[in-house]
Amino acid sequence: MTSSLHAPYCPDAAVQRTVAIIENVRLARDTYRVRFVAAEIARQVVPGQFVMLRLAGQNDPLIGRPLAVYDVTDDAIDLVYLVKGK
């Protein structure tokens, strides 16, 4: 039996994509919502999932940052982040 909350995008089935950021909106002091187009992933996201985010062509930080999915549209994913450190 497969749970309705089974995540097809989990570590054993991880994918890497280069996506276009379409919005980066300030919500409060040092707090932003970033929206990027990722239709294939957006259609399969389940509550509580994280995505690992890295800037293309950058080596610092070496490992992507895990961010919880805030919201999903038909073709985009929203993440909310707090600016800390570099």
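**Close-up views of a predicted model**

**View 1. Two buried partners, D78 and R33.** In this predicted model, D78 and R33 are both buried. They form a salt bridge, with the closest N and O atoms 3.8 Å apart. D78 sits in strand β5 and R33 in strand β2, so the pair ties together parts that are 45 residues apart in sequence. R33 counts as buried because its relative accessibility is 14%, under the 20% cut-off.

**View 2. R33 and E23 across two strands.** R33 also forms a salt bridge with E23; here the closest N and O atoms are 2.9 Å apart. The pair links R33 in strand β2 to E23 in strand β1, 10 residues apart. E23 is partly exposed, at 30% relative accessible area. A network of salt bridges links E23, R33, R35 and D78.

**View 3. E40 and R17.** A search of the whole structure finds 5 salt bridges. One of them joins E40 to R17, with 3.1 Å between the closest N and O atoms. E40 belongs to helix α1 (residues 39-42), while R17 lies in the segment before β1, 23 residues apart. Both residues are partly exposed: E40 has a relative accessible area of 33%, and R17 has 43%.

**View 4. The largest pocket.** About 1,600 Å³ of space lies in this pocket. Its lining counts 37 residues, and M52, L53, R54, L55 and R65 lie nearest the centre. Elements giving two or more residues to the lining are β1 (20-28), β2 (31-37), β3 (50-53), β4 (65-72) and β5 (76-82). The largest share, 4 residues, comes from β3. By class, the lining has 23 nonpolar, 8 polar and 6 charged residues.

Definitions and conventions
Residues numbered from 1 in each chain as written. Predicted model: local features only at pLDDT ≥ 70, side-chain atom pairs only at ≥ 80, totals over all residues. Heavy atoms only, no water. 1 Å grid on protein atoms, 1.4 Å probe; cavity = no way out; pocket = protein on both sides within 12 Å on 5 of 7 lines; lining within 4 Å. Points joined across faces, edges and corners; volume = space filled by probe spheres on them. Nonpolar A, V, L, I, M, F, W, Y, C, P; charged D, E, K, R; others polar. Salt bridge = Lys/Arg side-chain N within 4 Å of Asp/Glu carboxyl O. Buried < 20%, exposed > 50% of the residue type's maximum accessible area, 1.4 Å probe, protein only.
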